[in-house]
Amino acid sequence: MKKRFPYRKTFLLGFGFFGISLIWPIFNTFVPIFLKEDFALSAGLIGFVMTWDNYLNMFVQPVVGERSDRTHTRIGRRKPWMLLGAPLAAVFFIIVPVMGSVVGVMFAILLTNLSMALFRAPTVALLGDLFPSEQRSTANGIINLMGGIGSILAFLIGGVLYNLGRITPFVFGSVVLLVAITMVLLFVREPEVEEPEEQKPGDPKPGLVSNLREVINASDKSGLLILLAILSWFMGFNALETWISSFGKFTLGIDEGQMAILTSGLALMFVIFALPSGLIATRFGRRRVILVGIAGLTLLFVYGLVIQNQLMLISFLVPAGFFWALINVNSLPMVYDVGGDARIGAFTGLYYFASNIAAVAGPQIVGIIVQVTGDNYRLMFVFAAVFMALAGVFMLQVKERRAPGQVQELGRVEA
């Protein structure tokens, strides 16, 4: 008899991603605007300020994810990290818009993102802890649906609140984050796991370098190819997220509040298709569905080169949300299939290691391109199209596992 899918448990876990996902749209939409208007920074410097903290962050999340695998307390492995990081992130996020200098803004951004890094990987790792392989795409679809709802609220309510005062959307984001994480802490029960055996002399030391080495040296390169694909599609999509509000304001002449509302169209489509994306992937395979999403976004980024008005921008943002759902919902479950159930936190960390490199490089490179071309924000679409196509090249070489629930050796992915 087929086991009934635990929708209630999944929606409760989704509150964690809901709170996390609400923070970043507020950050990406409003910080670049007041950095340019208040401090007259060039696009290249804005890209650096927005992402500089990720040079440290890209190493923090993999370390925290791996250590959460080896954390054992009465409340679980992941929850102590949530209790530590969420309150700190909420406080530091509110500080970002009130800093009176560029250095102050950079410092507040650093503290916010480092605090988020303390609990983001452990929170997301609960997906792998609570669900077997065959349920992860569907569960991740629901969790991303919740995250998409958070993004919509950030765009819609944040856009309105920003007009009442710069700090108000940041206060809103912090309060919602704390409430959402509290829901997970109170109502999601972590599964009990045995404490790992003590490390013996001569055993490989656990950590980011060790995990990367295993992925690189595996006989089957699917693990490495997945990480390279993740790096590539986040290079393109993170650049779009960071610069789309500036493109709307400084190229199309749309004010930042209206841009926040328009961008919610992307988030809305992501929400609508998050769960169907997981269900479709369960039926037809994650790799195939991800490739459809990559192809669709590549074509849309090419279309971005000819956008001239608000209506054309909407016709870009709406389908982009659909294709992004096909990619984003199904990528993390594929990473878990490669890594195995024993190291969910470690491979959540590798996932975020790849995405954080992209979070650093994508926006900064586009910022430099925009600056040297006389504020030509339209070139971000060229950049995004190239890296999305490159992601497709990598994914075409990935072998998808066909045995749900079976824990396999790292890199041993059966076709």
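From the N terminus on, the protein chain runs α-α-α-α-α-α-α-α-α-α-α-α-α-α. The model is predicted.

Trainee: How many helices and strands does the protein chain have?

Mentor: The secondary structure comes to 14 helices and 0 strands.

Trainee: Why is T123 called buried?

Mentor: The relative accessible area of T123 is 4%, and buried means under 20%. The value for T123 falls under that cut-off, so T123 is buried.

Trainee: Where is T123 found, and what is T123 in contact with beyond its neighbours within four places in sequence?

Mentor: T123 belongs to helix α5, residues 102-130. With those neighbours left aside, its contacts are L13, G16, I20 and M82. They are called contacts because heavy atoms lie within 4.5 Å.

Trainee: What makes A40 exposed?

Mentor: A40 has 64% relative accessibility. Exposed means over 50%, so A40 counts as exposed. A40 sits in the loop between α1 (7-39) and α2 (43-51).

Trainee: What is the phi of A40?

Mentor: Phi is near 55° for A40, a positive value in a residue other than glycine.

Trainee: Which loop holds D375, and what is its phi?

Mentor: D375 is in the loop between α13 (344-372) and α14 (379-395). Its phi is positive, about 60°, although D375 is not a glycine.

Trainee: Why is D375 called partly exposed?

Mentor: D375 has a relative accessible area of 37%. Buried would need a value under 20% and exposed a value over 50%. The value for D375 is in between, so D375 is partly exposed.

Trainee: How do you know that I167 is partly exposed?

Mentor: I167 has 32% relative accessibility. That value is between the cut-offs of 20% and 50%, so I167 counts as partly exposed. I167 lies in the loop between α6 (133-162) and α7 (168-187).

Trainee: Which residues form a nonpolar patch on the surface?

Mentor: The patch is formed by V98, I167, V171, V175 and V179, with about 380 Å² of accessible area together. A residue in a patch needs over 30% relative accessible area. I167, at 32%, passes that cut-off.

Trainee: What can be said of the protein chain as a whole?

Mentor: Of its 415 residues, 60% count as buried. The accessible surface comes to about 16800 Å², and 65% of it belongs to carbon and sulfur atoms. Among contacts with a separation of 6 or more, 84% are between residues 24 or more positions apart.

Technical notes:
Residues are numbered from 1 along each chain as its sequence is written. This is a predicted model: local features need pLDDT of at least 70, side-chain atom pairs count only at pLDDT 80 or more; totals for chains, interfaces and linings use all residues. Side-chain values use heavy atoms; hydrogens and water are left out. Helices (H or I, at least four residues) and strands (E, at least two) are DSSP runs, numbered from the N terminus. Buried means under 20% relative accessible area, exposed over 50%, partly exposed in between (1.4 Å probe, protein chains only). Accessible areas come from the Shrake-Rupley method with a 1.4 Å probe; for residues, only the protein chains shown count as cover. Patches are made of residues with over 30% relative accessible area and no salt bridge: like charges are joined within 9 Å, nonpolar side chains (Val, Leu, Ile, Met, Phe, Trp, Tyr) within 5 Å. A salt bridge is a side-chain nitrogen of Lys or Arg within 4 Å of a carboxyl oxygen of Asp or Glu.
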